[in-house]
Amino acid sequence: MARVKGSYTTNHRRKKILKAAKGYYGAKHSLYRTANEQVMNSLAYAYRDRKNCKREFRKLWIQRINAAVRNYDLSYSRFIDGLNKSNINLNRKILSELSINQPEEFEKLVLASKSALAK
């Protein structure tokens, strides 16, 4: 049986990797082997950091909410507990935005939370 070099498939695969490695420093954008290593690492980092990004933003929103409710002599955990008891279902992103952009509306939420905790 004749040997098949697989030139079309191999070249196509290699061109795809080199295209993905465009803009990398040094040999990582021009040599297939180093480019392939870097592309695999980059894809792994991108996957990991998509998860980390969600985590970091949630931490940021919680810090902002905590700072905003401290002005009303309340802690973050007590505030969230009061919101849950008063059946107000807003996520942390919205609460954070309200605390920054619409403090009067946020104050209404804090008062609702405090009244639910008092009961």
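Ser99 is buried in this predicted model, because its relative accessible area is 15% and the cut-off for buried is under 20%.

**Ser99 and its surroundings**
- You will find Ser99 in helix α4, which covers residues 92–101.
- A polar atom of the Ser99 side chain lies 2.6 Å from the backbone oxygen of Ser96.
- Setting aside neighbours within four places in sequence, Ser99 is in contact with Arg64, Ala68 and Phe106.

**The largest nonpolar core**
- The largest nonpolar core has 14 residues.
- Ile65, Val69, Phe79, Leu95 and Phe106 are the residues with the most contacts inside this core.
- Two or more residues of the core come from each of these elements: α2, α3 (76–85), α4 and α5 (103–118).
- Leu95, one of the core residues with the most contacts, is in contact with Ile65, Phe79, Ile80, Leu83, Leu90, Phe106 and Leu109, again leaving aside neighbours within four places in sequence.
- Phe106 is worth a look on screen: Phe106 is in the contact list of Ser99 and also in that of Leu95.

**Met40 and helix α2**
- Met40 has its place in helix α2, which spans residues 32–70.
- Between the C-alpha atoms of Met40 and Arg58 there are 28 Å, with the two residues 18 apart along the chain.

Note on methods: Residues numbered from 1 in each chain as written. Predicted model: local features only at pLDDT ≥ 70, side-chain atom pairs only at ≥ 80, totals over all residues. Heavy atoms only, no water. Helix = DSSP H or I, 4+ residues; strand = E, 2+ residues; numbered from the N terminus. Buried < 20%, exposed > 50% of the residue type's maximum accessible area, 1.4 Å probe, protein only. Polar contact = N/O pair within 3.5 Å; in protein donor to acceptor, adjacent residues only side chain to side chain. Contact = heavy atoms within 4.5 Å. Core = buried A, V, L, I, M, F, W, Y, C linked by side-chain atoms within 4.5 Å.
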